[in-house]
Every structure is written in C-alpha cells, then in structure tokens.
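I opened the model and kept short notes on what I looked up. The entries follow in the order I made them.

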Amino acid sequence: MDRYNDVKILLKKWEQSFFQTNNRKPNKVSYINQYSGIFQPSTAESGCWGSHLNRKSLPAAVPKLSSDDKETLKASAQYFGMKLKTNLGALTKVNVTYTMYMQKFQLKGERFGGGVGRGRGRFGGFSRQGDTCYKCGGTGHWARDCRGRDVPPEVYEALRDFGYKSFRPGQETAIMRILSGLSTLVVLSTGMGKSLCYQLPAYLYAQRSKCITLVVSPLVSLMDDQLSGLPPMLKAACIHSNMSKKQREAAIEKVKAGQVHVLLLSPEALVGGGHSGSGCLPPADQLPPVAFACIDEAHCVSEWSHNFRPCYLRLCKVLRDRLGVRCLLGLTATATLSTALDIGRHLDISDQDGIAVRSAAVPHNLQLSVSMDKDKEQALVSLLKGERFGALESVIVYCTRREETSRIAALLRTCLQGVMLRESSKPAPEDEEDNPVGKKKKALARKKIRKPLKWIAEAYHAGMSASERRRVQNNFMCGELRVVVATVAFGMGLDKSDVRGIVHYNMPKSFESYVQEIGRAGRDGHPAHCHLFLDPEGADLHELRRHIYADTVDFYTVKKLVQKVFPPCKCRQIQQKQQDLAQAAEVSDSELLEMEFCENTDPHQQQLTETPEEGDGGLKLSDVREQRACHTHERAIPVQETVETLDITEESLETLLCYLELHPQQWVELLHPTLSICKMQFYGGPQQLRKITKLCPPVAVALARKRMAGERVESCDTLEFDVVELADTMGWQLPLVKRGLRQLQWGSDTGSYGGTGRSGVHVEFSALSFYFRSYGDLTADELDAVCAFLHGRVMAQERTQLYQLKTCFKAFRSVAYRNCSLCMDDLEESRSQALKELLRHYFDKRRNLDLSKHYQEEEEDEEEELNKCKMRDWEAQICADIRGFLSSRSDEKFSGRAVARIFHGIGSPCYPAQTYGRDRRYWRKYIQFDFNEIIRLATQEIIRTR
Ligand SMILES: Nc1ncnc2c1ncn2[C@@H]1O[C@H](COP(=O)(O)OP(=O)(O)OP(=O)(O)O)[C@@H](O)[C@H]1O
C-alpha cells in the first residue's frame with residue numbers, strides 16, 4: 001500500500017505538471033506513454049539496426065525486472081488502471097508492446113548517433129525532448145517530423161562502397177525506412193535503381209551482426225544471373241526449384257554457416273507448390289535471424305494486378321508466421337496507385353509514407369509515338385531506316401505471337417541487308433563514370449561494343465532452346481546483333497543500359513506491360529525511342545482477348561471445384577444428436593455413453609482447440625466457427641488429378657482457392673501443399689499388417705475404413721489411403737501421423753526383415769496436393785452462394801481485364817499518327833507528352849480495382865452494338881461449324897467452354913494446342929467473336945446432339 005501511495009503522489013505531481021505545460025489534462029495516450037515510460041529497459045541487445053528484432057530475438061531483448069521494479073510497476077498499473085478504466089492484464093500487454101517498440105527506436109537512435117533513453121528519468125515521463133531521431137540522430141523531434149536530409153555517415157560510406165556518389169530519387173527514403181525496420185513499397189521505373197534499396201541495407205545489417213536478407217524473385221531462370229550481378233561485397237546464394245537437391249542443400253549449409261548475406265529465393269522455394277513440393281528452407285531456428293525480406297515484382301501480390309501469382313499471397317504469410325520476418329520491402333516497376341495501396345495492405349504497411357516512394361510512370365528520356373498503319377510490315381522496315389530509329393544500335397521489337405517473331409526477323413534481315421547505320425554520338429553516362437562497379441561495366445561494355453555489327457535481326461521466344469536463346473541474348477548484349485524480334489519473354493532482367501529503341505509490333509496487353517517494356521530502353525539516361533503499331537482493325541485486341549479468356553473458368557467447373565473443396569461431413573448430425581440427447585428428460589446410461597463417445601471422437605471439436613488462429617482482419621474462420629456445427633476439416637485435393645478433371649491450369653486452380661481464402665468469410669484456409677496419398681506395403685503379409693494395427697492406430701483406422709467400404713481385408717498386405725483425411729478423422733495432426741507411419745519402416749517391434757533392422761514395411765507418400773481447411777456443413781444455399789461468389793469473382797476479373805484492354809486501345813488511338821511516315825524522322829513532342837500524361841493519369845489516379853462495372857457500362861457503346869449485330873449475322877454459320885466439329889470428334893466429350901476455347905485457339909490441359917491446333921478448319925476460327933457467346937452456342941449444340 002505504501003508503494004501505491006508513493007506512486008500515486010508522484011503521478012499526481014506529473015498530472016499537475018502536465019496540465020501546466022500543456023494547458024489540458026492528460027489523455028489516454030499520455031497516460032499510456034507515461035505508464036510505459038516507467039517500465040524502461042535496463043538492458044538492450046546492442047549492435048543491431050533494430051528491425052531484425054524479429055519474433056526470434058524479441059523475447060531476449062525484453063529486460064528482466066527486479067522485485068523492486070515489479071512492485072513499482074504493479075502499483076502504477078493499479079493507478080493507471082483506474083485512470084484508464086482497464087485491467088492489469090491489458091495494461092501489461094500495452095506496456096510490453098510499447099516497450100519493445102520503444103526499444104527498437106532507441107536502438108535506432110543509438111545507431112544514428114543518439115543515446116538510449118537520454119533525458120528520460122525513471123519517472124521522467126515520455127519526453128521527445130530527450131529522444132534522438134533515428135534519421136538524423138538529432139534530438140527534439142522524431143524521424144517522421146525530421147526536416148533535415150541528413151543520412152548517417154555510415155550509410156554514405158556504404159553507398160560509396162557500392163560505387164555511387166549519391167542516391168537516386170526514392171532510394172534514400174526506402175533505405176532509411178528499411179534500416180528503421182519499417183515495411184516499404186518501392187515503385188520505381190525499370191532501371192531507376194530498385195536493387196540498391198535492398199542491397200545497401202542488407203550490407204549494413206550484415207556488417208553489424210550475423211543475419212541474412214531474403215530476396216524473393218519470380219524470375220527463376222534469371223536468378224543465377226542476378227546472383228552474379230550482385231556487388232562483390234555482398235555474399236549471396238540462391239535456392240530455386242530448378243536446382244538439384246544437392247545444390248539446394250549446399251546453399252542451405254552456407255546460409256546456416258553464416259557465409260551468406262543475401263539469400264535469393266523463388267516464391268515456390270519459400271512456400272512450396274509447383275513441382276517442388278514443400279518449401280526448401282529449414283525451420284527459422286536453424287537459420288540466422290532475418291534482417292528483412294525483399295519481394296521483387298511485388299505487384300504479383302495484388303489479386304487485381306496484371307500479373308497476380310497466388311503463391312505470392314502465401315509468401316507474406318510464410319515470411320511472417322514461419323520465419324518471423326517483420327520488415328518487408330516490396331519492389332515493383334509497375335503499379336497504379338490503387339494497386340500500390342492493395343500491395344501495401346498485404347505487406348502490412350500502415351502508413352501512407354510507406355508506399356509513397358513512387359516515380360513518374362515513364363522516364364523523361366523516352367520519346368513515345370504510336371501509328372495506325374495498314375501495312376505494318378512495310379511501316380516497320382521504313383521506321384528502322386528512318387531518322388529516328390536508323391541510327392539506333394540496339395533495338396527490341398516486341399510481338400505477341402511466337403510465330404510472328406521468326407517471320408518479322410526474317411523480313412528485317414532481308415529488307416535491312418546492306419543498310420548502313422546512321423551516325424550517332426553517345427557520351428558516357430555521368431553517374432557511372434566515377435564508380436568502380438560502373439567503370440568495370442563500362443570498360444566491359446566498350447570492349448564488347450567495339451565488335452562490329454554482325455547480325456541485323458534475330459528472333460527470340462520461350463519456345464526456342466535454351467542455348468539458342470542464350471546465343472541471341474549474348475549477341476545482343478555485346479552489340480553484335482542490332483535488332484531482337486521477341487515476345488515478352490525477352491528483356492526480363494536484361495541488364496543492358498544502352499538499349500536505344502523499343503518497337504511494339506503488336507499492342508501490349510496493358511499499360512503496365514507497356515511501361516515495363518518501354519522501360520528497357522534508355523536505362524543509361526540518354527534519349528531513347530519507342531514506337532507502337534496499333535492495328536486499325538483491332539486485330540491485336542482480339543488476340544489479347546484470347547489470353548484473358550484463357551484464364552477464365554465457367555460456372556460448371558466452379559461448381560465441380562466447390563464440391564471437391566467442401567465435401568459434406570457429419571458434424572451437423574453429431575451436434576443435432578447431442579442436442580436431442582441433452583434435451584431428453586431422462587437420459588439413459590447407454591445414451592450418455594454414446595454421447596461421451598461422440599464427444600471424444602469428434603475430431604473437429606478437438607482440432608478446434610489445437611488449431612492456432614491465423615491471419616487478421618475481416619470475419620475469419622474463428623468468428624464463423626462460433627456459429628457453425630462444423631469447425632472445419634483438413635482436406636487435400638491432388639493437383640494433377642484436379643487439373644485433369646476440371647481442365648484448368650494449376651495456376652488457375654490455386655487462384656480460385658485464393659479467392660475463397662480472401663473472401664470476408666474466409667471459406668477456406670490454405671495450408672502448405674503436401675503429399676496426400678500414402679501407400680503401404682507389408683512384406684510380412686496380412687499377419688504383419690494385423691500386428692501393426694495394434695501398434696499404430698492410423699493403420700488400424702485405415703484398415704477399418706477399408707473394411708467398412710466393403711473391401712475384403714483378410715488377405716490384404718497393401719494399403720493406400722488419403723493420409724490428410726485419415727488424420728482429420730482421427731483428430732490427429734498431419735505431421736504426427738506422417739512421422740508415425742514413416743517410422744514403421746524402421747521399428748524393431750513391427751518385425752524385422754532379413755535381419756537388416758528394416759521392419760519389412762514400405763511406406764511411400766505421393767500426389768502433391770493443395771492442402772487446406774474447409775467446412776463440411778455448408779447448406780445447399782451456402783454452397784450456391786460460394787459458387788456464385790467464385791464465378792462472379794472470375795467474371796469480374798475477366799471484365800476488368802477486358803475493360804483495361806479497351807481503355808488501353810482507346811488511349812493509344814487518341815494519340816496515334818495516321819501512319820508511321822509522319823513520325824519516323826521527327827517527332828511531335830506534344831504527342832509524346834500527351835501519351836505520357838495519359839499514362840501518368842492512369843498510374844496516379846486512385847480508382848476501384850474491380851473495373852467490371854465500367855466494362856458493363858461500356859458494353860453499351862457503339863462498337864459493342866456492332867459486334868452484337870455481327871454475331872447475329874454469323875450465328876448460323878458458327879452453329880454449323882460447331883456441329884461439324886462435334887461430329888468429326890464424335891468419340892470425344894466436350895463442354896461448351898472446351899469448344900469455345902478451340903474456336904478461339906486457346907489450349908488447355910485436356911485439349912492441348914499441339915493436338916487440337918493441327919485441325920486448321922476450327923482452331924482460332926472465330927477469334928474475333930465474343931468468347932462467352934461461343935460458349936453459349938456450343939452448349940446449345942452439345943445439348944441438342946445428346
Ligand atoms: N544511386 C545510384 N547512382 C548511380 N547509378 C545507380 C544508382 N543506383 C543504381 N544505379 C545503377 O542503375 C542501373 C539500374 O539499376 P537496377 O538494376 O537496380 O535497376 P532496377 O530498377 O532494379 O531495374 P529493373 O526493374 O530492370 O530490375 C544499374 O546499372 C545501377 O548500377
């Protein structure tokens with residue numbers, strides 16, 4: 001009580017002085033600040049930059065309290081509890097969180113020239129006067145209010161070590177945020193120096209303590225190049241699914257031994273999926289602490305982005321939950337403001353500043369033009385001979401289709417034969433001159449560029465052999481090849497700063513792609529030219545629509561998937577039975593027993609208590625669980641089998657499951673992909689199997705289920721079952737069941753085989769599967785709602801993309817020249833500026849990510865009306881062709897969607913382009929007609945011919 005009175009007197013004094021200084025009573029925040037000020041850390045983990053105080057290292061950093069401290073704390077908690085109308089537990093939680101937070105900032109303050117807790121007495125309250133700004137090391141303000149541009153000398157030293165004199169726009173802000181442990185999204189155009197934003201902090205962190213930086217990049221084929229391109233002072237390794245197991249293990253050993261500063265990972269290597277099975281990284285406690293994680297091509301996180309990759313969503317979750325990473329850095333060259341905000345949400349960037357690092361969409365040194373030529377081939381040749389492009393040494397011509405690249409390359413070789421390059425002068429870029437890395441590159445480049453031009457034009461696409469692609473790329477890199485005619489596969493990760501021209505022979509699929517592709521020119525800051533040929537008839541639009549339709553799924557397929565994801569369970573019946581029994585006035589002994597049995601064997605109730613709550617925001621599984629009979633089951637659907645039965649790609653399947661997880665009611669909770677089928681062979685015959693059932697309950701249950709399914713088990717010496725379903729039924733955790741089954745191969749009490757110590761039991765797990773938790777008691781209405789949601793979501797995505805495509809077409813058309821002769825020598829600066837303005841507006845305007853409604857509204861426009869008329873005129877002919885196609889393949893089964901895909905020239909897992917593309921009578925025949933209309937007509941015909 002004495003202590004309480006002491007504390008009370010002191011705090012009353014504080015309240016008075018607060019009133020005098022601030023002319024108001026302390027509010028809730030002031031109380032919490034004051035309360036937390038009492039509980040100052042007496043120890044601090046020294047020598048770190050703060051952000052790798054992640055989950056792993058935080059508990060160690062919380063100071064130990066003396067008994068005296070505890071008394072004081074208890075007394076003050078009592079006082080503040082009264083003031084804040086809260087309980088001791090809540091206050092302690094606030095206190096500990098706050099202390100950790102403060103500790104991090106103090107450490108940063110210390111790093112940047114400040115001192116820990118300076119100017120703050122034991123009861124001195126929380127005064128910003130004594131705190132140091134983590135940015136400039138000064139006192140009297142915090143970093144967010146810092147007006148100075150001072151960056152600690154250590155950071156500049158590191159910048160010089162990297163060979164640069166100054167930061168480029170955006171780099172400093174991003175680097176300082178990362179060094180402060182604040183998650184950040186960097187949106188900078190191609191070649192603006194995004195890599196430095198992770199390389200420099202990784203270097204500084206590694207200098208300070210033994211920690212690693214994770215860099216996740218989707219460009220697996222380029223990872224080795226990325227690795228060799230890192231500055232020499234950064235020791236790095238990479239792990240991706242194209243590596244052999246031995247190579248991966250060697251890389252992991254290096255990481256564990258602390259020999260690596262930066263670890264490059266493919267998303268699949270981190271989260272599993274694809275053919276790599278589970279992720280490749282060992283558990284967090286076997287790795288050095290993770291300073292921060294960098295996610296390259298971060299737009300793949302946003303489900304509405306032009307390049308959404310479902311495994312990117314799981315990526316953030318894995319980084320946080322499994323590796324304890326708290327600070328994430330997202331890098332992207334193309335994200336509209338709305339997409340950036342969406343990515344920011346996934347990266348948990350709460351403050352607007354964290355996504356403010358955005359640059360103008362198009363670099364100022366690029367000159368843009370568009371033309372609508374009738375004869376594109378002739379126009380391209382003229383353009384490459386003209387004033388603007390005639391002097392350019394390195395040019396990339398982008399085409400949509402692979403076949404077209406070879407044709408155009410051959411055309412250019414013929415038409416540009418003997419045409420001399422026009423004169424051009426090109427001084428060395430300034431900022432790279434003085435740095436050792438830049439100098440080395442430059443010297444190398446000069447050596448290579450001196451080689452005379454040997455080849456005029458070559459094709460490049462993903463269908464070519466790896467060696468052929470390498471040859472073309474190398475020739476282009478060293479300046480021996482002038483023009484590469486390529487699909488978008490060329491250029492990702494291309495480190496050639498003097499590409500002088502980009503020509504789009506076909507329209508790109510979105511503004512994002514356009515900006516990304518033109519961004520490959522003029523990375524050295526010198527003028528570069530970009531030209532786009534827009535098909536006046538809109539043929540490119542039809543081609544690109546095909547790609548959009550390739551990803552969509554019809555209602556029938558959605559329904560089949562929903563049936564697989566939510567198979568019915570017995571939880572509702574069990575619950576009903578329990579309620580009936582409880583309500584009965586007289587409960588017989590036997591009923592009681594049965595009830596007990598139900599309680600004990602209801603795995604889902606049991607699992608509920610064992611399952612950790614995950615995720616945040618929205619109405620989650622945990623909320624819905626309260627109201628349901630079923631508390632979710634663990635399920636697995638084999639990837640390959642599902643791809644074949646539903647005829648959709650693995651990526652589309654994963655996307656659909658992601659949509660279900662992202663729904664406010666979180667219909668499923670995705671877990672790490674797993675091998676779900678267990679095959680067991682008992683070399684000791686049925687006798688050995690029976691013996692093992694007594695030792696291993698999962699085997700007993702598997703055998704019992706087999707018997708219940710009506711199979712004869714007496715002479716059985718093999719078992720095959722879905723191990724996920726089995727573990728769920730038993731209420732056991734899957735890893736435990738799997739481990740138990742695996743151990744049977746070695747157990748001495750399961751029998752010895754041939755005296756080898758082996759038990760004579762062979763256990764094998766196969767069938768990589770999507771593994772998730774889902775409900776089994778959804779009513780018919782709920783299942784319908786899930787189907788409607790999923791299909792609606794797919795359609796919204798389709799319409800959004802179609803709308804974007806159309807907007808893109810209209811924008812390009814609005815600034816297009818009638819033909820390219822008007823801009824092949826001179827360029828009207830105003831048109832180039834107008835296009836840049838359109839792009840800036842597109843990237844900077846905040847809008848709804850779901851643009852499907854706009855598409856519906858636009859559908860009413862003249863063009864659509866015209867298309868509808870055209871469809872009506874052609875309907876009879878299309879139906880006749882559908883009938884012809886179906887009768888030519890009468891022994892095969894088709895859905896309306898499968899037929900529409902063939903008529904649009906879209907391959908699928910069950911109807912591949914290699915087979916169906918051979919019949920030219922139907923393949924791609926109706927590409928200019930609405931895909932959904934063809935589905936409708938085809939479905940009609942299929943029903944009629946049944
Ligand atoms: N502060 C700097 N000063 C001078 N040059 C720099 C600076 N930062 C980066 N660079 C140079 O800019 C070029 C492009 O950098 P980087 O590859 O990091 O760009 P990027 O934005 O990651 O491009 P991409 O989107 O193609 O991956 C490199 O040659 C690099 O050396």
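**Entry 1: strand E13**

In which sense do strand E8 and E13 pair, and over how many bridges? I found E8 (residues 366-371) and E13 paired in the parallel sense over six bridges. Two strands count as paired if DSSP finds at least two bridges between them. Helices (H or I, at least four residues) and strands (E, at least two) are DSSP runs, numbered from the N terminus.

I note here that this is a predicted model, in which local features need pLDDT of at least 70, side-chain atom pairs count only at pLDDT 80 or more, and totals for chains, interfaces and linings use all residues. Residues are numbered from 1 along each chain as its sequence is written.

E13 covers residues 528-533. Strand E12 (residues 501-504) also pairs with E13 in the parallel sense, over four bridges. I looked up His529 in E13 and found Gln367 opposite it; Gly501 stands opposite His529 as well. E12, helix H20 (residues 511-518) and E13 make a right-handed β-α-β unit. Right-handed is used when, with the strands pointing away from the viewer, the path from the first strand over the helix to the second runs clockwise.

Next I checked burial. A residue is buried if 20 or more other C-beta atoms lie within 10 Å of its own, exposed if 12 or fewer, and partly exposed in between, with C-beta atoms placed from the backbone. Six of the six residues of E13 are buried. Ala528, Cys530 and Leu532 point one way, while His529, His531 and Phe533 point the other way.

**Entry 2: strand E11**

I then turned to E11 (residues 481-486), where six of six residues are buried. Strand E9 (residues 395-398) pairs with E11 in the parallel sense over four bridges, and Val397 stands opposite Val485. Strand E10 (residues 455-460) runs parallel to E11 and is joined to it by five bridges; there I found Ala457 opposite Val483. E10, helix H19 (residues 466-477) and E11 form a right-handed β-α-β unit.

**Entry 3: the ligand shell and H8**

Which residues come nearest the ligand? Of the 17 residues around it, I list Tyr164, Thr190, Gly193, Lys194 and Ser195 as the nearest. Helix H8 (195-208) and helix H17 (430-433) are the elements that give two or more residues to this shell. A residue is near a molecule if its C-beta atom, placed from the backbone, lies within 6 Å of it. The shell divides into six nonpolar, six polar and five charged residues. Ala, Val, Leu, Ile, Met, Phe, Trp, Tyr, Cys and Pro count as nonpolar, Asp, Glu, Lys and Arg as charged, and the others, Gly among them, as polar.

H8 is largely enclosed by the rest of the structure, because 11 of its 14 residues are buried. Among them are Leu196, Tyr198 and Tyr205.

Gly776 sits in the loop between strand E17 (761-774) and helix H33 (780-814). I count Gly776 as buried because it has 20 C-beta neighbours inside 10 Å. Its C-alpha is separated by 7.7 Å from that of Lys570, 206 residues apart along the chain. Leaving out residues up to four places away in sequence, Gly776 touches several residues, including Phe566, Cys630 and His633. Contact is taken as C-beta atoms, placed from the backbone, within 7 Å.

Ala816 lies in the loop between H33 and helix H34 (829-844). With the same exclusion, Ala816 touches Val370, Ser371, Met372 and Leu534. Ala816 and Met372 are 444 residues apart in sequence and 6.5 Å apart C-alpha to C-alpha.

**Entry 4: positive phi**

Most residues other than glycine have a negative phi. I noted Glu297, with a positive phi of about 50°, in the loop between strand E5 (290-296) and helix H12 (310-321). I also noted Thr632, with phi near 75°, in the loop between helix H26 (621-627) and strand E14 (633-638). Glu297 is buried, with 22 other C-beta atoms within 10 Å; Thr632 is buried with 26.

Terms used:
Two residues are in contact if their C-beta atoms, placed from the backbone, lie within 7 Å.
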